[in-house]
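The sequence and the structure come first.

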Amino acid sequence: MRHHALDERHALAKTLRSAGPDAPTLCGEWSTAQLAAHLVLRERSLVELGGRLPVKRLHEASEGL
């Protein structure tokens, strides 16, 4: 992971921790805990990974998510 992306991830984690798990977000009715869980699951999803690879068929399969 690039240095800038890692810095951004640390800043987001710090913000989420300081806000607490039940704080509201700008993502509809999601709490900070729900947003954090979504980001972790999406990052580790094999289908999501397929959308980032330069393989057209995998990219098309991930479009529906």
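## Surface and basis of the model

Accessible areas come from the Shrake-Rupley method with a 1.4 Å probe, and for residues only the protein chains shown count as cover. On that basis the protein chain exposes about 5600 Å², of which carbon and sulfur atoms supply 61%. Of its 65 residues, 17% count as buried, where buried means under 20% relative accessible area, exposed means over 50%, and partly exposed lies in between (1.4 Å probe, protein chains only).

This is a predicted model, in which local features need pLDDT of at least 70 and side-chain atom pairs count only at pLDDT 80 or more, while totals for chains, interfaces and linings use all residues. Residues are numbered from 1 along each chain as its sequence is written, and side-chain values use heavy atoms, with hydrogens and water left out.

## Fold

The protein chain has 4 helices and 0 strands, and along the sequence it follows the pattern α-α-α-α; helices (H or I, at least four residues) and strands (E, at least two) are DSSP runs, numbered from the N terminus. With contact taken as heavy atoms within 4.5 Å, residues 24 or more positions apart account for 6% of the contacts in the protein chain with a separation of 6 or more.

## The loop between α1 and α2

T25 lies in the loop between α1 and α2, and T25 is buried because its relative accessible area is 18%. Leaving aside neighbours within four places in sequence, T25 is in contact with W30, S31, T32 and L35; the C-alpha atoms of T25 and L35, 10 residues apart along the chain, are separated by 7.9 Å. The side chain of T25 reaches the backbone oxygen of W30 at 2.9 Å, and a polar atom of that side chain lies 3.1 Å from the backbone nitrogen of C27.

S31 is found in the loop between α1 and α2 and counts as buried because its relative accessibility is 15%. Not counting residues up to four places away in sequence, S31 touches P21, D22, A23 and T25. A polar atom of the S31 side chain lies 3.4 Å from the backbone oxygen of P21.

## The largest pocket

A pocket is an open set of points on a 1 Å grid over the protein atoms alone, where a 1.4 Å probe fits, with protein on both sides within 12 Å along at least five of seven lines; lining residues have an atom within 4 Å of a point. The largest pocket has a volume of about 320 Å³, a volume being the space filled by probe spheres set on the points, which are joined across faces, edges and corners.

The largest pocket is lined by 12 residues, of which R9, L12, L39, V40 and E43 lie nearest its centre. Both α1 (3–19) and α2 (32–44) supply at least two residues of this lining, and α1 gives the most, with 6 residues. The lining divides into 8 nonpolar, no polar and 4 charged residues, where Ala, Val, Leu, Ile, Met, Phe, Trp, Tyr, Cys and Pro count as nonpolar, Asp, Glu, Lys and Arg as charged, and the others, Gly among them, as polar.

Notes: Polar contact = N/O pair within 3.5 Å; in protein donor to acceptor, adjacent residues only side chain to side chain.
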